[in-house]
Every structure is written in structure tokens, then in C-alpha cells.
Amino acid sequence: MSRSKWGARALLLLVALLLVTGCGQQMANQPRVAAYQESDFFDDGSGMRPVPPNTVPQMAGALQEDPVLYTGMTAPDAEGNAGFSQEFPYEMTMEDLERGHERYDIFCAPCHSLDGGGDGMVVRRGYIPAPSLVQQRLLEQPGAYFYNAITNGFGRMPSYAPQISVTDRWAIAAYVKVLQRSQNATPDDVPDGVEPEMKNAETAAETEE
Amino acid sequence: MAQLFPRSANTMARLSIFGGLFTVLLLFGLGFMLTRSPVATREGDQRVQPVQFSHKHHVGDIGIDCRYCHTSVEDSASAGIPPTSTCMNCHSQLFTNSVELEKVVNSWETGEPLEWVRVHDLADYVYFNHSIHVRNGIGCESCHGRVDEMPLMMKAEPLTMEWCLECHRNPENFVRPLEEVYSFGYHPPIDQSVLGPQLVESYNIRGNLDDCAVCHR
């Protein structure tokens, strides 16, 4: 093979190499619909479809047969009276409380504030003040009362059912009971082992003053 | 027979051999640079959105957690774009006379969704999943940048494959403790070279994250 042919081949190779520098291709936008992508297949231009009416999801608990778990209310008695369940539908573990703490800080604290006092950032920006969750009147309410408020909304508070799952709502309700206990605690509630730390904190506070 | 070429043609001939080679290499280099530059990756671009929504205001100033709106980020591939009803949780009462908000209220009343423009658009042959990342200590900030300082959402990172592999090959340089995944302005409490490998161990991240099929299938 002559030298000029090798030269031409080398040149061609170099030009071809330009292609491997990387560039957008047809494969990057395939004719399928990703989450939230538009689609001209449907009249409303949306690729994601609303759930058809009367659809029952194929999953455990879809029929919501347990009234306490899904509504926080006991099944109606002979006279048709139903009230808030005084018990949680299942036992709350430390894990549930920690989950509730995390979810409370995400979804509730913007209005109800981290300590439940009701002075959250959204309230400070002008939303109708959220009631304190740790006030006397609410101390007497069972966890189901808070579950119900999250699920159906309460006063000006909208329903949070679309944003928070059933078990997370119960976890938050349990954490609200924790907040109530901690915000209304007395020195007698402090376990023995923790006492020295508290005393140290007191001394530190005095020194600062 | 008279000479066809003047003497200077010798120089021109030599120059064009080197010049030709040089030009091809230059084009190669330019192409390489261009495809990685913000011109191609659209890094730093702000798109025109139907509503001038400010993440800086909602995240930075008010302190709302990412998951308040992006509710599915922990459980699914998509982080979730909030429905208009999520906006209305607060804006049924706040800034109700704002012109920008009129479009949101309109969407709420008519049921017509707001058509947000996608800022982070991966190629369709990449099967990215948010949940696996946030559950294994990759902070929102690592890919989305300081969202709490963005008045308008923009792409903070190039999101090229090269960029993804930086972390897929060395996750220990980027992983955070789980409670810091949704924080912005995070600094590792102890040196990352000590903390990173510990976290990789505790998340059980195994060393095959740069297999093709991890992202392409």
C-alpha cells in the first residue's frame, strides 16, 4: 500500500475520533414517557395519568378495613357512636418515635414549630397562628386525635394525607405525645442517671449570667 | 521545462502537512472541551419557568425540608414534583395578592397543572434512582448544589457520565451521615478520609458501582 493511502486513512481515523468526543444523540430522548414528562398521546398533554375513579390499589390494606388504623376512630357501637380510639392501632416502638420526630420536623414544624409551641416560620410569615400542641387542652387527647387532624385537616390546616403515609401519620401522632410530655416535664421526671448532666447545665447557665 | 512551483512551495508543502495534522488535533481538542463545557451540559443555566419559584426563599429563608414537597424522594426513582395543592397548603393564606401566585391559584382552581421546565434532564438510557442515593448518604447538595441559595433553580453540576463516575468510583469521597443528606452547606464533622470509608462500610456500598449495568440497562 502506498504512503499516500496510509496518510488518507490516518486522516480519516482522526476525523472519526472527533465523534468520540461525545455528543447528544437520539437515544437520549427515547419515545417513552418519563415521570412528569409531557406526551401528545393523551388529550391533556400529560404523560402521567390520573387514577381512574373507583380504582382499588392492589396492595395490603387497600380496602382500609381496620377503622382504627385508617381513621383513628373506633368502630360504631350499637347506638352508632364512634369516638377517637384511646389506643394506638399498633405498639409504638422507639423506631416509630424517631421516625415520627423526623416526619414532624419536615411536615409539622413549619407551622407548629420544632417544640410544638405553634410559633413556626410559616406562622411568623403571616399564616393564621397554629395552636400549641403542648397546651393543657390537647394533653388529654389521645394519639388518634392528632392522627385524625393530620388525615382530615383541622380548622385552617389542610389534610396532609396526600403527603404523609398512614404509618408515618401514626408515628407523628406518637411523637406529638412525646413533645407534650417533654414540654410539660418537671425536674422529677428526669431519670436519676441524667441528673448530674442537668446540674452541670444549670451551673454553666449561672456562670454565663 | 520551466518550474511549475516556486521555491516557496517547499515551505508551504511542509507547513500544510503539520498544519493539517494540527488542525485535526485542534478540532478534536475543541470538540472534547465543548461537549464538557456548560455550552453543552447547560450547567448554570436558569430556565424560564411558568412561575418564578424561589428555592432560596422556601429552603434558605423559611427552612422547609426538601421532603415537604419532594415527598417521593426516599421511596422512588423520581423525587416528585409537588402538586399545586402542596403550594396551597401555605399559599391559601400567604401572599394571596401576589401576581406570580395568581398562576398557582389558577392552576388550583382549574385543575390544570403548572408546566414546569425540567432543569436536570438525564439521557433516557440512564436509569437514575433518587431513593438509592439519598438512602446511602448522598446529599441533595452533592448533585443539585446550594439549592438554598438559588433564587431560580439551575443546574449546578454538569451531570455528564464522567462526572457521575467520579463518585461511583470513589463513593467514600462524597458520602454523608444519613441525618445530613438534606442539609446544605455541610462540612464533614471529622476528616472525610476517615469518615468516608466508615460510612461506605456501614451503608454496605460494594465496589462495583462503575459496572455498566448499574446505570444502563
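**Exercise 1. Aromatic pairs**

Determine how many aromatic pairs a search of the whole structure finds over all chains, and classify the geometry of the pair Phe88(A) and Trp170(A).

*Solution.* Step 1: over all chains of this predicted model, the search returns 10 aromatic pairs.

Step 1: for Phe88(A) and Trp170(A), the ring centres are 5.7 Å apart and the planes make an angle of 70°. Centres must lie within 6.5 Å for a pair, and planes over 60 degrees apart count as edge-to-face; the pair of Phe88(A) and Trp170(A) is therefore edge-to-face.

Step 2: Phe88(A) belongs to the loop between α2 (67-71) and α3 of chain A, whereas Trp170(A) sits in helix α7 (residues 166-183) of chain A. With 82 residues separating them, the pair links distant parts of the chain.

**Exercise 2. The interface of chain A and chain B**

Describe the contact between chain A and chain B by its residues, its buried area and its salt bridges.

*Solution.* Step 1: chain A contributes 31 residues to the contact and chain B contributes 32 residues.

Step 1: about 2900 Å² is buried between chain A and chain B, with 58% of it on carbon and sulfur atoms.

Step 2: Residue pairs in polar contact across the interface of chain A and chain B, both at pLDDT 80 or more, number 11.

Step 3: assign the chain A side to its elements. At least two residues each come from α1 (3-19), α3 (94-112) and α4 (121-124) of chain A. The largest share, 5 residues, is supplied by α1(A).

Step 4: by residue class, the side of chain A that touches chain B consists of 19 nonpolar, 7 polar and 5 charged residues.

**Exercise 3. Domains of chain B**

State the domain bounds of chain B, then characterise the contact between domain 2 and domain 3 of chain B.

*Solution.* Step 1: the assignment for chain B comprises domain 1 (16-41), domain 2 (55-81 + 118-215) and domain 3 (84-115).

Step 1: a distance of 29 Å separates the C-alpha centres of domain 2 and domain 3 of chain B. In their contact, 4 residues of domain 2 meet 4 residues of domain 3, and about 260 Å² is buried, 56% of it on carbon and sulfur atoms.

Step 2: the count of salt bridges between domain 2 and domain 3 of chain B is 0, while 1 residue pair is in polar contact, both at pLDDT 80 or more.

Step 3: on the domain 2 side, α3 (55-61) and α4 (66-69) of chain B are the elements giving two or more residues. That side divides into 2 nonpolar, 2 polar and no charged residues.

Notes. Residues are numbered from 1 along each chain as its sequence is written. Chains are lettered from A and ligands numbered from 1 in the order in which they are written. This is a predicted model: local features need pLDDT of at least 70, side-chain atom pairs count only at pLDDT 80 or more; totals for chains, interfaces and linings use all residues. Side-chain values use heavy atoms; hydrogens and water are left out. Contact means heavy atoms within 4.5 Å. Buried area is the accessible area (1.4 Å probe) that two parts lose on being put together, summed over both. A salt bridge is a side-chain nitrogen of Lys or Arg within 4 Å of a carboxyl oxygen of Asp or Glu. A polar contact is a pair of N or O atoms within 3.5 Å; within protein, one must be able to donate a hydrogen and the other to accept it, and residues adjacent in sequence count only if both atoms are side-chain atoms. Helices (H or I, at least four residues) and strands (E, at least two) are DSSP runs, numbered from the N terminus. Ala, Val, Leu, Ile, Met, Phe, Trp, Tyr, Cys and Pro count as nonpolar, Asp, Glu, Lys and Arg as charged, and the others, Gly among them, as polar. Domain bounds come from an automatic or database domain assignment. Rings of Phe, Tyr and Trp (its six-membered ring) pair if their centres lie within 6.5 Å; planes under 30 degrees apart count as stacked, over 60 as edge-to-face and the rest as tilted.
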